[in-house]
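Hello,

Here is the structure I promised to pass along. Have a look at it first, and then read on for what turned up.

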Amino acid sequence: MENVKDLEKEFSPSAWSRRFEKDQELLDNHKKVVKDGTTQARELLKCELDVPYGPGRRSKLDIYGTDQPSDAPIFVIFHGGYWQLEEYTKEVGSYGTLPLVRAGCRVIAADYEMCPEVTLTELVELAHKCFTYILNYAAQIGASSVSFLGHSAGAHLVVAQFQEAQFSRLPHQHLIQDVYLLSGVYDLRELRHTKAANNGNILSITDDNVVTLSPALSGYGHLAGTSAHFTVVVTENESQSYKKMSEDMKDALAKGTDNVKLILLPNRDHFDIVEQLNDKDAELTKNPH
């Protein structure tokens with residue numbers, strides 16, 4: 001059994017990167033790279049910023065490529081931040097926006113409330129309201145499809161919408177095309193005991209809700225016959241816990257749908273997996289649909 005110290009490292013993604021000597025250098029570089037990408041997208045693309053999908057302070061969307069044809073596919077991005085880090089916003093989480101719009105998509109970068117202003121259970125439900133708003137918007141303008149990308153905690157919030165309790169309530173499910181889950185957190189049973197992610201139980205995880213809040217522990221038989229294709233991605237330079245969560249998430253989805261694959265990205269880490277999406281030659285942004 002891993003001790004507490006080992007768990008802290010397992011759930012501290014910056015500890016596994018090989019690109020910088022100090023964690024803070026890695027984190028500062030990450031925020032700069034992704035924010036520079038957002039700044040460039042805002043300067044070069046037609047966009048509508050801070051569109052509210054709910055009453056919360058952070059419950060807002062940025063929509064890029066508003067001059068695209070109405071039937072252009074929509075690509076939605078959920079940033080990470082362990083559900084609690086205020087500095088992680090859609091301004092530093094609009095990964096790949098410029099190449100995606102240039103490839104023909106309309107891109108929506110989603111922000112969301114942070115714990116402890118809400119509990120993680122409430123946050124999953126607020127993410128459901130965001131999904132509902134976006135799918136209704138897509139149907140209203142005649143978009144051909146909607147794809148979702150989530151990174152880290154954002155991947156958790158995205159895939160949680162495909163658990164039966166949430167998915168059964170989503171409108172226009174047929175519009176959902178691709179779901180990209182990048183370096184996600186899918187099993188909270190160990191994470192709940194770490195200071196790195198849940199200091200003072202900031203996420204309000206209990207014995208009663210930890211399984212429900214762990215998408216890798218859910219069944220997905222209800223997805224049989226649906227249109228969604230899932231791509232679970234994890235990097236070489238991540239902890240074994242992150243790699244195992246991605247494997248378990250892929251396996252759980254595969255029990256309900258054939259449309260799922262797992263990719264291990266070599267020579268990448270938890271942070272440059274999304275930093276590289278601003279490159280027009282990145283695999284995902286080069287062929288988004």
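To begin with the surface: the protein chain exposes about 12,300 Å², and carbon and sulfur atoms supply 49% of that area. Please keep in mind that this is a predicted model.

On the overall build, the chain has 11 helices and 8 strands. Its radius of gyration is 18 Å, close to the 19 Å that the globule rule gives for 289 residues, so the chain is as compact as a globular protein of that length. The C-alpha trace spans about 55 × 40 × 35 Å along its principal axes. Of the 289 residues, 56% count as buried. Among contacts between residues at least 6 apart in sequence, 78% join residues at least 24 apart.

Now to the aromatic side chains, where the structure holds 9 pairs. In one of them, the ring centres of Y82 and W83 are 5.9 Å apart and the planes meet at 25°, so this pair is stacked. Both Y82 and W83 are buried. F131 and F148 also form a stacked pair, with 4.0 Å from centre to centre and 5° between the planes. Because F131 lies in helix α4 (residues 120–141) and F148 in strand β5 (residues 146–151), their pairing ties together parts that are 17 residues apart in sequence. F131 is buried, at 0% relative accessible area, and F148 is buried at 0% as well. These two belong to one aromatic cluster made up of F78, Y112, F131, F148, F162, F167 and F230.

One last item involves a charge: the charged end of K9 sits over the ring of W16, 4.8 Å from its centre.

Best wishes

Technical notes:
Residues are numbered from 1 along each chain as its sequence is written. This is a predicted model: local features need pLDDT of at least 70, side-chain atom pairs count only at pLDDT 80 or more; totals for chains, interfaces and linings use all residues. Side-chain values use heavy atoms; hydrogens and water are left out. Rings of Phe, Tyr and Trp (its six-membered ring) pair if their centres lie within 6.5 Å; planes under 30 degrees apart count as stacked, over 60 as edge-to-face and the rest as tilted. Buried means under 20% relative accessible area, exposed over 50%, partly exposed in between (1.4 Å probe, protein chains only). Helices (H or I, at least four residues) and strands (E, at least two) are DSSP runs, numbered from the N terminus. A charge sits over a ring if NZ of Lys or CZ of Arg is within 6 Å of the ring centre and within 35 degrees of the ring normal. The radius of gyration is taken over C-alpha atoms; the globule rule is 2.2 Å times the number of residues to the power 0.38. Contact means heavy atoms within 4.5 Å. Accessible areas come from the Shrake-Rupley method with a 1.4 Å probe; for residues, only the protein chains shown count as cover.
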